[in-house]
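Work through the exercises below with the structure open. Try each task before reading its solution.

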Amino acid sequence: MNIPALTTNHSQLLHLHQNPENFIIHNQNLKTKTNISIKTNNNKPSVDPIILWTSSISRHCKNGQLHKAASEFTRMRLSGVNPNHITFITLLLGCTNFHFPSLESSCFGALLHALVCKLGLDKNDVMVGTVLVKMYVKMGRVDLARLVFDDMRVKNLISWNTMIDGYMKNGKDKSAVMLFDEMPVRDAISWTAMINGFVKKGRFEEALEWFREMQISGVEPDFVAIIAVLAACANVGTLGLGLWIHRFVLKHDFRDNVKVNNSLIDLYSRCGCIEFAHQVFKRMRNRTLVSWNSIIVGFAINGFAEEALEYFKLMQNEGFKPDGISFTGALTACSHAGLIEDGLRYFDVMKRVYRISPRIEHYGCIVDLYSRAGRMEDALNVVQNMSVKPNEVVLGSLLAACSTKEDFSLAERLMKYLVDLDPDGDSNYVLLANMYAAVGRWDGAGKIRRKMKGLGIQKKPGISSIEIGSNIHEFVAGDKCHIDTENIYAMLQLLSFDIIEY
């Protein structure tokens, strides 16, 4: 399928409903006929009624008033003025940007589609066809989007990218890959749709593989792709690739992009390189609340409690109002430093002064705060009186504290909660069994293991990982599935001989 040489881009498509007049001007470059003309009457210029009606419709769409836009469209038809493709694009974008899922927008969009089909615009007008694809993708009806896409006689890059992005956002990654392979030409947006899609699905290693393929193809990533790849690196822990991307960023125009720098701070923080994260933060020309939150949380999770609380105060001095994430960083810092009173004070200020309703992560910090201080009953009291249902992370944290304090009574009470939350989870059973074994209570350890066996729960093997050449290699005990297994075991044997000799 040949892609026509169109000068349109995503911004034109996305902002069409805001400024239809501008699109009319740009439309000359698309070599698409319009029904626009300037008429004169008594030497006074008059605007074609199509422009007036479409502008009015666009204004309602822009304000999210789809019912008024539909009403205006009906009046336009009753007045004898026929809509053109720009009118339809404006209305379809109005449906797309309306609050989904919505019966109102879905029904009206379907009616517009029927009228568009009657006029043949769905097949012959690339912009109309593409907006129809986008609308059905937003509705979650990728099957209908694909029917429209396949019926389009002319497609451009935006059409292909919209369909691929729709597949990825709706969990149809196999269909997205197949369509991607059929594309005659691919740009940065095509690759980014795939990379970002896998990142959002939590398949970070696949996202990095796609990024490597993008590099091999010679397509240079834009800042959106960079942000997606940095997120994948942060989750997998590929510091080497992250450093390479940082060097790449420094050589390009988006080196001062706030979102890119925020992602770099998050990457370095999660990889334990808090000093690098701090350097990125200090060099930023402009900072947002996300920038401050990233460095505060980064300091906190890496054990730099004093610095985290210092930046929490500096953020407020700079005029930024802390949100729930800011307080998560402050509470985590207090927990790691054992600052019980300070942590409780921050928790109270968050609720009373800033009117922020505590979320599960805030309660988790308070539970951890009490647990580290050995105040187990206080921690349990928080769990029992939480305004949200405790999850396995909060309860698991308290169970781990029970192991440290050898509080078997509380541990057994917690297991009842944990079994209800995660009946197939092995880690909590193993932790409790190890608690009994550590103090020689083999009857208790045996009872837990028999219970695991009866429920069909098996202990998952622990995984070790190592980064070599920006690639993450994972291993389990006795693993022989790695591609370089023979070389690895040969090296281990040599090391064993060296150990014996010394």
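**Exercise 1. A residue at the chain's end region**

Task: Classify Leu 495 as buried, partly exposed or exposed, and state which helix holds Leu 495.

Solution. The model is predicted. Start with the accessibility. Leu 495 has a relative accessible area of 42%. Buried means under 20% and exposed means over 50%. Leu 495 is therefore partly exposed. Next, the location. Leu 495 belongs to helix 28, which covers residues 485-501. Last, the surroundings. Leu 495 is part of a nonpolar surface patch, together with Tyr 489, Met 491, Leu 492 and Leu 494. The accessible area of the patch comes to about 460 Å².

**Exercise 2. The chain as a whole**

Task: How many helices and strands does the chain have, and what percentage of its residues count as buried?

Solution. Count the elements: 28 helices and 4 strands. Then take burial. The chain has 502 residues, and 44% of them count as buried. Now the surface. Its accessible area is about 26,800 Å², with 52% belonging to carbon and sulfur atoms. Finish with contact range. Take contacts between residues at least 6 apart in sequence; 59% of them join residues at least 24 apart.

**Exercise 3. Aromatic geometry**

Task: Is the pair of Phe 299 and Phe 304 stacked or edge-to-face?

Solution. Begin with the search of the whole structure, which finds 20 aromatic pairs. One of them is Phe 299 with Phe 304, with ring centres 6.3 Å apart and planes at 65°. Planes over 60 degrees apart count as edge-to-face. The pair is therefore edge-to-face.

Compare burial next. Phe 299 is buried at 5% relative accessible area. Phe 304 is partly exposed at 34%. Then widen the view. Both rings belong to one aromatic cluster, which also includes Phe 281, Trp 292, Tyr 311 and Phe 320.

**Exercise 4. Charges over rings**

Task: Which ring lies under Lys 155, and which under the charged end of Arg 345?

Solution. Take Lys 155 first. Lys 155 lies over the face of Phe 149, 4.9 Å from the ring centre. Then Arg 345. Its charged end sits over the ring of Tyr 346, at 4.9 Å from the centre.

**Exercise 5. Salt bridges**

Task: Explain why the two residues are about one helical turn apart. Then work through the pairs Asp 143 with Arg 141 and Arg 270 with Asp 266.

Solution. The search of the whole structure finds 16 salt bridges.

1. Arg 146 is partly exposed at 22% relative accessibility. Asp 150 is partly exposed at 43%.
2. Asp 143 bridges to Arg 141, with the closest N and O atoms 3.0 Å apart. Asp 143 counts as partly exposed at 42%. Arg 141 is partly exposed at 37%.
3. Arg 270 and Asp 266 form a salt bridge at 3.5 Å, N to O. Both lie in helix 16 (residues 258-270), 4 residues apart, about one turn of the helix. Arg 270 is partly exposed at 42%. Asp 266 is partly exposed at 30%.

End with a network. Salt bridges link Asp 173, Lys 201, Arg 203 and Glu 206.

Key
Residues numbered from 1 in each chain as written. Predicted model: local features only at pLDDT ≥ 70, side-chain atom pairs only at ≥ 80, totals over all residues. Heavy atoms only, no water. Patch = residues over 30% accessible without salt bridge, like charges linked within 9 Å, V, L, I, M, F, W, Y side chains within 5 Å. Areas by Shrake-Rupley, 256 points an atom, 1.4 Å probe, with all protein chains shown as cover. Salt bridge = Lys/Arg side-chain N within 4 Å of Asp/Glu carboxyl O. Buried < 20%, exposed > 50% of the residue type's maximum accessible area, 1.4 Å probe, protein only. Phe/Tyr/Trp six-rings, centres within 6.5 Å; stacked < 30°, edge-to-face > 60°. Lys NZ or Arg CZ within 6 Å of the ring centre and 35° of its normal. Contact = heavy atoms within 4.5 Å.
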